[in-house]
Amino acid sequence: DAMRRQFVADASHELKTPLTSIRLLSDSILQDPEMEPELIREFVGDIGREAQRLSRITEGLLSLTQLDRGIQEQSGVIDVSGQVRYAIHLLLPLAEAKDIVLHSQLESNCLVLISGDNMAHIANNLIENAIKYNTPGGSVWIRLAIIQGDVVFTVEDTGIGIPPEEREKVFERFYRVDKARSREAGGTGLGLAIVKHIARIHNARIRLESEINVGTTITVVFETAH
């Protein structure tokens, strides 16, 4: 019950911030009939970005709620390399916009008992974080391989790194190491919580290694499906 109350409080706080921004921006437009068109366009653009942030938070909350309730796509034995390749394809424009180079080394026939949607969540969240919290001109290495009978998915970046005392907390819901940078990057603080939840459901193990101003590596180890 205490965890549930804290979750509701955190969710309410996260939703309140963009809602307050939208209200203030819209009020400013309505209260100033002589506002310059250029400034109106700027405010409307800000409202759109805050609305997108609300959408991302809502989608993350819905995903976590469904996982908590055990509602998910039917799992099947799939070659997860397809989901990883598609995630790279979707996120390539974001990487290019931030001057980040994506490197991939993906083995085929990496069979895991998981739904395609859940694997897509893991791949998208880890790769997107590696891009968003990287440094300009940085790199992201995405690897998928069969190692000692397990399917191992690794995302390594050259980003800002995570302090030792923060590394366990980053998988908590709404937790962010650098809140200002996370909001600027569009982060919701839910991505790694979703990854952790899905990994637990599928008996996968997660490892996080990080060094400040060097980068972060997150590895998810799945049991190979036979």
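The following legends describe close-up views of a predicted model.

In this predicted model, local features need pLDDT of at least 70 and side-chain atom pairs count only at pLDDT 80 or more, while totals for chains, interfaces and linings use all residues. Residues are numbered from 1 along each chain as its sequence is written, and side-chain values use heavy atoms, with hydrogens and water left out.

**View 1. Secondary structure of the protein chain.** The protein chain holds 6 helices and 7 strands; helices (H or I, at least four residues) and strands (E, at least two) are DSSP runs, numbered from the N terminus. Read from the N terminus, the order of elements is α-α-β-α-β-β-α-β-β-α-α-β-β. Of the 226 residues, 40% are buried, where buried means under 20% relative accessible area, exposed over 50%, and partly exposed in between (1.4 Å probe, protein chains only). Among contacts (heavy atoms within 4.5 Å) between residues at least 6 apart in sequence, 73% join residues at least 24 apart.

View 2. Axes are lines fitted to C-alpha atoms, for helices over the stretch in contact, and angles run from 0 to 180 degrees between N-to-C directions.

**View 3. Strand 4 and its two partners.** Strand 2 and strand 4 are parallel, paired over 6 bridges, and L106 stands opposite L144 in strand 4. Strand 4 and strand 5 run antiparallel and are joined by 8 bridges. In that pairing I142 lies opposite V155 of strand 5, and V140 lies opposite D157 of strand 5. The hairpin of strand 4 and strand 5 has 2 residues between the strands, and Q148 takes a positive phi near 50°.

**View 4. The largest nonpolar core.** A nonpolar core is a set of buried Ala, Val, Leu, Ile, Met, Phe, Trp, Tyr and Cys residues joined through side-chain atoms within 4.5 Å. The largest such core has 37 residues, of which V84, I122, L126, I127, I142, F153 and F222 touch the most other members. At least two residues each come from helix 3 (81–97), strand 2 (101–106), strand 3 (111–114), helix 4 (116–132), strand 4 (139–147), strand 5 (150–157), helix 6 (191–201) and strand 7 (215–223). Helix 4 contributes the most, with 7 residues. Beyond its neighbours within four places in sequence, I122 is in contact with I114, F153, V195, I198, V220 and F222.

**View 5. Helix 3 against helix 4.** The axes of helix 3 and helix 4 come within 9 Å and cross at roughly 30°. This crossing is right-handed; a crossing is left-handed if the near helix is turned anticlockwise from the far one by less than a right angle, and right-handed if clockwise. Helix 3 contributes Q83, V84, A87, I88, L90, L91, L94 and A95, and helix 4 contributes G116, M119, A120, A123, N124, I127, E128, I131 and K132. By class, the contact has 12 nonpolar, 3 polar and 2 charged residues; Ala, Val, Leu, Ile, Met, Phe, Trp, Tyr, Cys and Pro count as nonpolar, Asp, Glu, Lys and Arg as charged, and the others, Gly among them, as polar.

**View 6. The surroundings of I131.** I131 belongs to helix 4 and is buried, with a relative accessible area of 1%. Setting aside neighbours within four places in sequence, I131 is in contact with L91, L94, A95, K98, I100, L102 and V140. I131 and A95 are 36 residues apart in sequence, yet 6.0 Å apart in space, C-alpha to C-alpha.

**View 7. Helix 4 against helix 6.** The axes of helix 4 and helix 6 come within 9 Å and cross at roughly 140°, in a left-handed crossing. N118, H121, I122, N125, L126 and N129 of helix 4 meet G191, L192, I194, V195 and I198 of helix 6. This contact has 6 nonpolar, 5 polar and no charged residues.

Technical notes:
Two strands pair if DSSP finds at least two bridges between them.
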